[in-house]
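Here is a short note to read with the model open beside you. Take the points one at a time and find each residue as you go.

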Amino acid sequence: MPIAIGKEDEMKVSEIVGKLNLKVFSGEVGLDRKISGAYVSDLLSDVMGNAEEGMVWVTLQTHQNVLAIASLKELAAIILVKNFEPEADTVLHSYEEGIPVLGTDLPTFEIVGKLYNALK
Amino acid sequence: MKLVFEIARGDFTAAGKASSGIKKVLKQLLVDPKTIKRIVVAVYEAEVNVVAHSVGGTLTANISGNEITVVVQDYGPGISDIEQAMKVGFSTASRKVREMGFGAGMGLPNIKKNTDELTIQSQPGKGTMLVFSISI
């Protein structure tokens, strides 16, 4: 389920990078993007149909269609879990779109718990 | 205005070209952002369907003053049971496609949910034509 948060509290992508100790793989220009909430799913059509603009997307998918969806849905950033790394064309697309691809060594459950606490 | 995109079989790197092209045009035409979002979801899902399931096809968008109509024509293999294909969760996608996070059986339902009108005609062995429209 998406978490929606109030506009006045909107956090920047760079702030969650610091708070959650995330790696920044690519798309640094987008670290100033504002976060409107988060969505967690590895099914691309689920994200396509239900994520909202400005959300951070937590997933284990690393191929470039992830960036295509993030760009079409105007998401704020992508967080890859469990040490997954973006594929080369995902990195390229991330720079082209200015949407950061971030990473963590934590599994989804743990990083989403931290993200929820940071955003709520 | 007419925009035409060729979609090749199995080329997932190109999935998103039509939707992102159409999105750019609609933004410049100052179409309501909420409407653009619906159109983008429908067009992207249609593109992915052609890439994942067909031997290839074309996507044509006709934009008039108050409506966008999208025609997606592929050259086969066709859908034998359209009612079944429309069911959430039903998919014939390959294992490889599912591992990428596609093939969850949400594509056609997502298209239906985001369009004002949707028709699907299909001839097994020949091809499928999907037509949808959205008021802009």
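This is a predicted model: local features need pLDDT of at least 70, side-chain atom pairs count only at pLDDT 80 or more; totals for chains, interfaces and linings use all residues.

1. Residues are numbered from 1 along each chain as its sequence is written, chains are lettered from A and ligands numbered from 1 in the order in which they are written, and side-chain values use heavy atoms, with hydrogens and water left out.

2. Start where the chains meet. Chain A gives 20 residues to the contact and chain B gives 21 residues, where contact means heavy atoms within 4.5 Å. About 1600 Å² is buried between the two chains, 54% of it on carbon and sulfur atoms; buried area is the accessible area (1.4 Å probe) that two parts lose on being put together, summed over both. On the chain A side, Ser45(A), Asn65(A) and Leu72(A) lose the most area to chain B, together 34% of what that side buries.

3. Next, which residues line the largest cavity? They are Ala51(A), Glu52(A), Glu53(A), Leu72(A), Lys73(A), Lys37(B) and Val40(B). A cavity is a set of points on a 1 Å grid over the protein atoms alone where a 1.4 Å probe fits but cannot get out, and lining residues have an atom within 4 Å of a point. The volume of the largest cavity, about 40 Å³, is the space filled by probe spheres set on the points, which are joined across faces, edges and corners.

4. Now look for aromatic rings. Over all chains the count is one aromatic pair, with ring centres of Phe, Tyr or Trp (its six-membered ring) within 6.5 Å. Phe12(B) and Phe102(B) form this pair, stacked (planes under 30 degrees apart), at 5.1 Å centre to centre and 25 degrees between the planes. Phe12(B) is buried, at 7% relative accessible area, and Phe102(B) is buried too, at 4%; buried means under 20%, exposed over 50% and partly exposed in between (1.4 Å probe, protein chains only).

5. Finally, visit Ser135(B). Ser135(B) counts as partly exposed because its relative accessibility is 43%. Beyond its neighbours within four places in sequence, Ser135(B) is in contact with Thr35(B), Asn66(B), Glu67(B) and Asp116(B). The C-alpha atoms of Ser135(B) and Val72(B) are separated by 18 Å, and these residues are 63 apart along the chain.

Note on methods: Rings of Phe, Tyr and Trp (its six-membered ring) pair if their centres lie within 6.5 Å; planes under 30 degrees apart count as stacked, over 60 as edge-to-face and the rest as tilted. On a 1 Å grid over the protein atoms alone, a cavity is a set of points where a 1.4 Å probe fits but cannot get out, and a pocket is an open set with protein on both sides within 12 Å along at least five of seven lines; lining residues have an atom within 4 Å of a point.
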